[in-house]
Amino acid sequence: MQAGVTEGRSIEQLDTLWRYEIPEGVLLDFRLAGPVVRACAWAIDAALRGIIYLVLVMVLALLGGIGTALMLIGFFLIEWFYPVVFEIHNGATPGKRAMGILVIQDNGTPVTPSASVIRNLLRTADFLPFLYATGLVTMLINQEFKRLGDLAAGTLVVYRDEQHERKDPPLAIASKPPIELSETEQLTLLAFAERGENLSIGRREELAELLVEQTGLQDGKAVDALYAYANWILKGR
Amino acid sequence: MRQQQFEAENQTLWDEITQLMDDLQRSRSKRRLPHSQHLDFPDHYRQLCNHYALARSRGFSPALVDQLHGMVLRGHRLLYRQQGGWRWRVLYFILSGFPRAVRRNGGYFALSLLFFLLPALLMGVGCYLQEDLIYTVMDENMVAQMETNYDPTNERPGRSVERSSETDFTMFGYYILNNIGIGFRTFATGILLGVGTLFILLFNGLVIGGVAGHLSQLGYHETFWPFVSGHGAFELTAIVICGAAGLLLGHAVIAPGQRTRVQALREHAEESLQLVMGAALMLLAAAFIEAFWSSNTLQPSIKYFVASLLWLCVAFYLMLVGRGDHGSR
């Protein structure tokens, strides 16, 4: 996530990260959702649709002719507009929401109503000849996991970025690292300090001990030393 | 500047922006901050972008960069979202946008019409002259069903005997489900190089022409033509328009011109969506007419009169309405 714009294909692009430069000149990162997670979302939606169909049939069958009419119109709306209604409202159908993904425009803005309608009408073509075979092949041959509907509508399916509560690095007396550190090295230390508390003690110490040659410390002391360096990078002294 | 100093200096601004974004995410009536404060949002947001870029380039900690990234992302979505005004847009679309879109794409319309009308005419004449030609496109059961539907002894022409007791409402729902669905499929399968669209147009042309020719040859015209002539104005035209939309998609894939295929597809998709949505509204009107008007058993002369009015309406609407708006034809 940290390095700047990369030229050509680098190791970063092995990741399914999609990077977009917004008009303000900064880069936004999106994590693209692949076929498997989208298929799961679809399955959840399919089950939900099935339930809605059942409820419609049971409730409206009681009403006779007009009930049947409403039922058929309901079928029509669910078949074609079920995803549209949810996507316009908050970018994701219940299935997508459950899987933690959402639909956006490929300029990072929320999906527009017309784009949502296009991508969902074109499901018909993506579905052919069976179970989204066309859509799957299309997703696999472009770099953004777009099915035909996404290509035509200019939409992307990405992971919803959870905003984590930010933890301050553990308090420690700042101390200057013994050697000059490059920027990447500083960032690695910072990341270690910020995420260290989420690791088990054993793993934390194991990681800190990788630097035993430089620090000459082991166990908890190695960890504390790294925290101290991280604090020095943050605050200076 | 060290990270901690940077954070201390800007934390107030970031809190303010977060509050502002929370407020902007609420629906209009539930907002708590005064409008004047909302007006500051673009400025604040650009400042935030600046901070994010700084944090990134100065190598501040990943957690801070992530936090600012999240805020910029949220701000970007809020600032550039489209919202509101859709009622007027729908009205304007019906009164001007749709007929203009159809005229803009007259060539596709003509091609679509050709692929529908030609097989229909050929099959119609063929079935009129040759009694059993209809069996090449429909199986025995379907033919028998169709024959009883339009048998002059059937009290409710256009519907099977079992269906005759169902109310007009039920049929309205059925026509919506079936016909608009066909329209959407005709459009969507156009992305497959236009092949799907052409196939559906051709097939529907053959069946509809075949049925018309076959029933006329049986001498059922007194029941068949008064029934179909009215809603046909909307239904057939709309299917041809859906076909035009599908061909528009197919064209982008086959011959994108000076653009990449994806670019061409996006532009054509936006254009074709207008055609499809308009056609869907026409199919809705057709379903209404078919369910509540076509099924009555008034004098054929009255029904033909109304039908010709409807055809005139459609022609007038598509050819003239919205002319001159934005200098369009």
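Guide: Start with a term: domain bounds come from an automatic or database domain assignment. In chain B that assignment gives domain 1 (3-79) and domain 2 (86-327). Between the C-alpha centres of these two domains of chain B there are 52 Å.

Two notes before going inside. This is a predicted model, where local features need pLDDT of at least 70 and side-chain atom pairs count only at pLDDT 80 or more, while totals for chains, interfaces and linings use all residues. Residues are numbered from 1 along each chain as its sequence is written, and chains are lettered from A and ligands numbered from 1 in the order in which they are written.

Now the core. A residue is buried if 20 or more other C-beta atoms, placed from the backbone, lie within 10 Å of its own; with 12 or fewer the residue is exposed, and in between partly exposed. A nonpolar core is a set of buried Ala, Val, Leu, Ile, Met, Phe, Trp, Tyr and Cys residues joined through C-beta atoms within 7 Å. In soluble globular proteins, nonpolar side chains tend to be buried together.

The largest nonpolar core has 101 residues, and A:Ala152, B:Ile241 and B:Val276 touch the most other members. Helix α10 (residues 221-254) of chain B gives the largest share of this core, 18 residues. Helices here are DSSP runs of H or I with at least four residues, strands are runs of E with at least two, and both are numbered from the N terminus.

Look at A:Ala152. Contact means that two C-beta atoms, placed from the backbone, lie within 7 Å. Neighbours within four places in sequence are left aside. A:Ala152 then contacts A:Ile118 and A:Leu122 in its own chain, plus B:Ile191, B:Leu249, B:Leu265, B:Arg266 and B:Ala269 in chain B.

Next, one helix of chain B. Helix α6 (residues 106-129) of chain B has 24 residues. From first C-alpha to last, α6(B) reaches 34 Å, close to the 34 Å expected at 1.5 Å a residue. That expected span is 1.5 Å times one less than the number of residues. Buried residues of α6(B) include B:Tyr108, B:Phe109, B:Phe115, B:Phe116 and B:Met123. Their cover includes α5 (86-104), α9 and α10 of chain B.

B:Tyr135 sits between α6 and α7 (140-149) of chain B. B:Tyr135 counts as partly exposed because 14 other C-beta atoms lie within 10 Å. Not counting residues up to four places away in sequence, B:Tyr135 touches B:Glu140 and B:Val143. B:Gly210 is 75 residues from B:Tyr135 in sequence, yet 9.2 Å away in space, C-alpha to C-alpha.

Back to chain A, for some backbone details. A:Phe145 is in the loop between α6 and α7 (148-153) of chain A. Its phi is near 55 degrees, a positive value in a residue other than glycine. A:Phe145 counts as buried because 21 C-beta neighbours lie inside 10 Å. A cis peptide bond, with omega about -15 degrees, joins A:Leu128 and A:Pro129. A:Pro129 lies in the loop between α5 (123-127) and α6 (133-141) of chain A.

Chain B has a positive phi too: B:Leu193, not a glycine, is at about 60 degrees. B:Leu193 lies in the loop between α8 and α9 (195-218) of chain B. Is B:Leu193 buried or partly exposed? Partly exposed, because 14 C-beta neighbours lie inside 10 Å.
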